[in-house]
Amino acid sequence: MQKIVNIITKGLNGSVTIPADKSISHRAVMFASLAKGKSVIKNFSKGQDPLSSLNVCRILGIDAEFKNDLLIINSTGKLSAPSSTLDCGNSGTTMRLISGILAGQNFNSTLIGDASLSKRPMKRIIEPLSLMGAEIKSNDFKAPLNIYGQNLHAINYISKLASAQVKSCILLAGLNAEGETNYTEPYISRNHTEIMLKYMGADIYTDKNTVKIKKSELQPRTIEICGDISSAAYFIAAALIVPNSKIILKNIGLNPTRTGILEVTEKMGGNVKILDKKNISGEDVGDVQVSFSDLKACKIEGEIIPRLIDELPAIAVLATQAEGTTVIKDAQDLRNKESDRIKAVVTELKKIGADIKETPDGFIINGKTNLKGGVEVETYHDHRLAMSLFVAGLICEKPILINGFEWVNISFPEFDYLFKTLSL
Ligand code: S3P
């Protein structure tokens, strides 16, 4: 699907409720599938990625039905051998998390993914899972993955990567392994797995950068899912750079392991305020008000990177409108996402007139630049590219045409409709 984006001069105004968090939705359906009894999930994401997780759980024998806005999961507490391959679609989170669950089952399974997912690295989970006694055959450490269920044992693992998918995979394997699994990461990545497993009764606790988990049975719960700060990021970026904007984004997850984008917008001088904070199902949630701002460049590196990893394409767009040189470092894992996001962002933002340079682990962006537009841009089958380019298009002198805009449906099918309500 092609999308033409025109300049907006009169600003974005009004308020929208941000749809459900993708990361938390994956976890909710998987963990509810492991808990014996009935769990109720409120506000499950309608993105294709979480639906891939739901579909995989159904093939593993879980009874899951939507009733209005609720997803009702009934589970015996045990998964059953799948009668077909398990298709994870475009979703790295589905493949990496479910592998941790399947490695310790008493049956075999095969995980497949689309062209993009089949190129993504799986060594990062296969290696530690193998240390726990897992048996996994892969295509040179890529999908398809053939998982031969085994009895697992605990490990102490010190990861070189700050990856919530790898951490979650090992914690889920640890949930069903003999002994206490200890997982240490260099910087703290998103901790939704730890919060939800605790909420469902697992024997898990965190000590600085180490998470410890023992074999546990999960209890069914009602899980309410907050709005996705990674989806909100596009509206935050748009309101900051489109003159005359003032918007309120409601029900945004504000877990500190995800709010790097808010710390960066503050450093850039952005007018972003948190209006109301509460806690839902263990997660911090609030409303965020954003207005058009004069931005200044900043340096983004180190421990903050995992706390804003998915927002870096949108931050790159912001940096084109910030006075000075923005340097983004330590983000080499961006090359292993749904696309090589460093190469893709640089190639496409250059086309519309940005002054941006690729480095091995990030970007150097000089601002403030008048973006010329008047060109076609590509999404590389990557939802975050599609939405970031859309935001850039809002301030281009001439319209841009985005090819492959349908990829937004991976995480944010409501994007277009909600955006329109702010630009009426
Ligand atoms: C996710 C973790 C991050 C993130 C992805 C979702 C998760 O990936 O980029 O979109 O839900 O755990 P990594 O763990 O590979 O950094």
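## Phe415, a buried aromatic residue

Phe415 is buried, with a relative accessible area of 1%. This value, like every other in this report, belongs to a predicted model. Because residues under 20% relative accessible area count as buried, Phe415 falls within that class.

Phe415 takes part in an aromatic pair with Phe390. The ring centres of Phe390 and Phe415 lie 5.0 Å apart and the planes meet at 85°, so this pair is edge-to-face. Since Phe390 belongs to helix α11 (residues 383–393) and Phe415 to helix α12, the pair ties together parts that are 25 residues apart in sequence. Phe390 is buried, as is Phe415.

## The wider aromatic cluster

A pair of aromatic rings is described by the distance of the centres and the angle of the planes. The structure holds twelve aromatic pairs. In one of them, the rings of Tyr234 and Phe415 have centres 6.5 Å apart and planes at 80°, so the pair is edge-to-face. This pair links distant parts of the chain, with Tyr234 in helix α7 (residues 229–241) and Phe415 in helix α12 (residues 415–422), 181 residues apart. Tyr234 is buried, with a relative accessible area of 1%.

One aromatic cluster is formed by Tyr234, Phe235, Phe390, Phe405, Phe412, Phe415 and Phe419. Both partners of Phe415 described above, Tyr234 and Phe390, are members of this cluster.

Ser411 is found in the loop between strand β26 (400–403) and helix α12. Ser411 is buried, with a relative accessible area of 4%. Apart from its neighbours within four places in sequence, Ser411 is in contact with Lys22, Ser45, Gly47, Ser231, His383, Arg384 and Met387. The C-alpha atoms of Ser411 and Ser91 are separated by 9.9 Å, although these residues are 320 residues apart along the chain.

## Helix α8 and Thr265

Thr265 lies in helix α8 (residues 260–267). Thr265 is buried, with a relative accessible area of 1%. When neighbours within four places in sequence are left aside, the contacts of Thr265 are Ile236, Leu240, Gly270, Val272 and Leu318.

Which residues of α8 are buried? They are Gly260, Ile261, Leu262, Val264 and Thr265. The cover over these buried residues includes α7, β18 (271–280), β21 and α9 (312–320). An α-helix has 3.6 residues a turn, so residues three or four places apart point the same way. Just after α8, Gly269 takes a positive phi of about 85°.

Cys298 is placed in the loop between β20 (295–296) and β21 (299–300). At 9% relative accessibility, Cys298 counts as buried. Cys298 and Thr265 are 33 residues apart in sequence, and their C-alpha atoms are 9.4 Å apart in space.

Not counting residues up to four places away in sequence, Cys298 touches Val264, Lys267, Met268, Thr325, Thr326 and Val327. One of these contacts, Val264, is also among the buried residues of α8.

## Charges over rings

## A hairpin of two strands

Strand β4 (residues 63–67) and strand β5 (residues 70–75) run antiparallel and are joined by five bridges. Glu65 stands opposite Ile72 in β5. The hairpin of β4 and β5 has two residues between the strands, and Asn68 takes a positive phi near 55° there. In a regular strand the side chains alternate between the two faces of the sheet.

## The chain as a whole

The protein chain has twelve helices and 26 strands. Its radius of gyration is 21 Å, close to the 22 Å that the globule rule gives for 424 residues, so the chain is as compact as a globular protein of that length. The C-alpha trace spans about 60 × 40 × 40 Å along its principal axes.

Of the 424 residues, 60% count as buried. Among contacts with a separation of 6 or more, 75% come from residues 24 or more positions apart. The protein chain exposes about 16000 Å², of which carbon and sulfur atoms supply 50%.

How values were computed
Residues numbered from 1 in each chain as written. Predicted model: local features only at pLDDT ≥ 70, side-chain atom pairs only at ≥ 80, totals over all residues. Heavy atoms only, no water. Phe/Tyr/Trp six-rings, centres within 6.5 Å; stacked < 30°, edge-to-face > 60°. Helix = DSSP H or I, 4+ residues; strand = E, 2+ residues; numbered from the N terminus. Buried < 20%, exposed > 50% of the residue type's maximum accessible area, 1.4 Å probe, protein only. Pairing = 2+ DSSP bridges. Rg over C-alpha atoms; globule rule 2.2 N^0.38 Å. Contact = heavy atoms within 4.5 Å. Areas by Shrake-Rupley, 256 points an atom, 1.4 Å probe, with all protein chains shown as cover.
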